[in-house]
There are 2 protein chains.
Amino acid sequence: MITSRQNPWFKRVRAAVREHAEEIVIEGRKAVADAIAAGWMPIALVRRGDALDDSPSSALPSRSDDVIFAPELFDQLGDTRTSQDTLALFARPPAGDVFARRDALVVALDGVQDPGNVGTMIRLAAAFDAAGVALLPACADPFAPKAIRASAGAVLNVPLAPMSARELLDCGLPLFAAAGDGAAVDPPARGAVLVFGNEGAGVSAELRAAASPIAIATSGRVESLNVAASAAILLSRAFSLRS
Amino acid sequence: MITSRQNPWFKRVRAAVREHAEEIVIEGRKAVADAIAAGWMPIALVRRGDALDDSPSSALPSRSDDVIFAPELFDQLGDTRTSQDTLALFARPPAGDVFARRDALVVALDGVQDPGNVGTMIRLAAAFDAAGVALLPACADPFAPKAIRASAGAVLNVPLAPMSARELLDCGLPLFAAAGDGAAVDPPARGAVLVFGNEGAGVSAELRAAASPIAIATSGRVESLNVAASAAILLSRAFSLRS
């Protein structure tokens, strides 16, 4: 059992939690088991020293090559509020091709800053069968621990690609932007990009200039909807229009 | 300027942040100004000692009876991550009558535990003109600081009422429950209660037994939707059906 903060495994896992650069961390037995079931091979399974996971029914039985941290060391890793006793280190997934399918919508996040919103919107993209999620500059990292948790694992099963506004504009698909000043019309069902903007400032001027605005009809009793709520409504509607 | 943690104002505001019992706290100049504009009178306006808010264009100009905390004292109050220099102490609003209107939906939260979800769903109830929000046991407090922030002020302009499952069952309106095992049909537009359940366990057995389940059609690529996303989709749809 590893007890030292100087241990190379501890330093490596801590860096993945904090920096999520070349390596990322998935927290919790179920989330790790789901990732493995989806075909992602962990670099290491990491256990809290007092974790007992040897029941035959466990989704993630203990293995001889598990990395075991003393409880007080394991607990220093946690960005998480929930108590977990298992996490896994993975290589950061490569960018996917978000434009490979034309039978669905591409979701573009334009400066969505909150990792919880980014993760929630990736979960919605999976739920409503989007072709992929384009992440424009100033978005939170989808592989930040909070984003991974909010995505409920969807970061590993939806194509994700960071790109510039120019690359998005050159993709050849018509652009639509969720915007308070648009008409409250149905979103396109397929073959288009649906852009969601920053929590405060909305979609950037460059993309708004190229996009058709779509609003969501509301009572007017609140100034705006949360960006993830807007995504839920428009992506669900688009999915029902093509089902 | 108040500098002591023993000061009665400091203790009182700190208790309101932590316990939100008889008194609650609203954070930030804009949120406080909105609450006052909506007719809520603060018990006290609290400023960070270095806050300057004497411009004629300010929504919330400094007043002689503002309570001023030294910056290091003010910063100890914050549950908030964002930097604010103003907050206000209010009496906890009384319960409203969530059944007063029959031309809209009543939203019931049945054990929604996360204060961010509770606040987001109250914001959605306002956005889509719900008659009110019934809060069943085991829900997070809508007047927790995180819930107030997520509601974007809507906690003060939607009728809210804590109640038991029995009281809800006795309200005389038909019940519908957001549930994965229902048919993916349109929600009712008005004159009904729409129940949303706990993040993990869903709607409680007692209410499910009395409610018609409604599902949201998804791709099946995720196990479930976040409860606030489900509320966004169903409340938006109900609103559009009665507009």
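Modeller: Ground rule before we start: two strands pair if DSSP finds at least two bridges between them. Helices (H or I, at least four residues) and strands (E, at least two) are DSSP runs, numbered from the N terminus. This is a predicted model, where local features need pLDDT of at least 70 and side-chain atom pairs count only at pLDDT 80 or more, while totals for chains, interfaces and linings use all residues. Residues are numbered from 1 along each chain as its sequence is written, chains are lettered from A and ligands numbered from 1 in the order written, and side-chain values use heavy atoms, leaving out hydrogens and water.

Biologist: Ok, how many bridges join S5(A) to S6(A)?
Modeller: Four, and strands S5 (residues 105–110) and S6 of chain A run parallel. A:Val106 sits opposite A:Gly132 of S6(A).

Biologist: And S6(A) with S7(A), parallel or antiparallel?
Modeller: Parallel, over three bridges, with S7 of chain A spanning residues 160–162. A:Leu160 in S7(A) is the bridge partner of A:Val133.

Biologist: Which way do the residues of S6(A) point?
Modeller: A:Gly132 and A:Ala134 point one way, A:Val133 and A:Leu135 the other, and all are buried (under 20% relative accessible area, 1.4 Å probe, protein chains only).

Biologist: Switching to chain B: at what angle do H4(B) and H8(B) pack?
Modeller: About 5 degrees, with axes 9 Å apart (lines fitted to C-alpha atoms over the stretch in contact, angles running from 0 to 180 degrees between N-to-C directions). H4(B) and H8(B) are therefore roughly parallel, as angles under 35 degrees count that way.

Conventions. Buried means under 20% relative accessible area, exposed over 50%, partly exposed in between (1.4 Å probe, protein chains only). Angles under 35 degrees count as roughly parallel, over 145 as roughly antiparallel, 65 to 115 as roughly perpendicular and the rest as oblique.
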